[in-house]
Amino acid sequence: MMNEAENNSDLRQTMQMIIFSGDARKFIMQALDLVGEAKYDESEQLLKQAHEKLLTAHALQTDKIQKEAEGEKLEYSVLFTHAQDTMMSVNTEYNLVKHLIEVFKKRDH
């Protein structure tokens, strides 16, 4: 069982995963809007920013999973499940928009 300080740290880490994933989603949607305007270089720059946010969210997730793999007993958290789901959904959006940029660039050139 976690003490209060550990629980607060765990909660903070989970919320950061959600925030970083949400920030990534914002950049991805902005990039998608620019694809519609054929502004591919700008779209790719936004995707780079999104990727950095996703990497940070993934590192937070990995840290928590490694703790459990090392034998630390972690309590089930609906919020952590939501954070993982959000991160993976945003990661899918990232991959789709990245692919769309390539498809549209080939079409236009």
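Modeller: The radius of gyration is taken over C-alpha atoms, and the globule rule used with it is 2.2 Å times the number of residues to the power 0.38. This is a predicted model, in which local features need pLDDT of at least 70 and side-chain atom pairs count only at pLDDT 80 or more, while totals for chains, interfaces and linings use all residues. Residues are numbered from 1 along each chain as its sequence is written, and side-chain values use heavy atoms, with hydrogens and water left out.

The chain has a radius of gyration of 17 Å, whereas a compact globule of 109 residues would have one near 13 Å. Along the principal axes, its C-alpha atoms fill a box of roughly 60 × 20 × 20 Å. The chain holds 3 helices and 0 strands, in the order α-α-α from the N terminus. Helices here are DSSP runs of H or I with at least four residues, strands are runs of E with at least two, and both are numbered from the N terminus.

Among contacts with a separation of 6 or more, 78% join residues 24 or more positions apart; a contact means heavy atoms within 4.5 Å. Buried residues make up 29% of the 109 residues, where buried means under 20% relative accessible area, exposed over 50%, and partly exposed in between, with a 1.4 Å probe and protein chains only.

Is H82 buried, exposed or partly exposed? H82 counts as partly exposed because its relative accessibility is 42%.

For contrast, consider S21, a residue of helix α1 (residues 4-35). S21 counts as buried because its relative accessibility is 0%. Leaving aside residues up to four places away in sequence, S21 touches A57, T86, M87 and V90.
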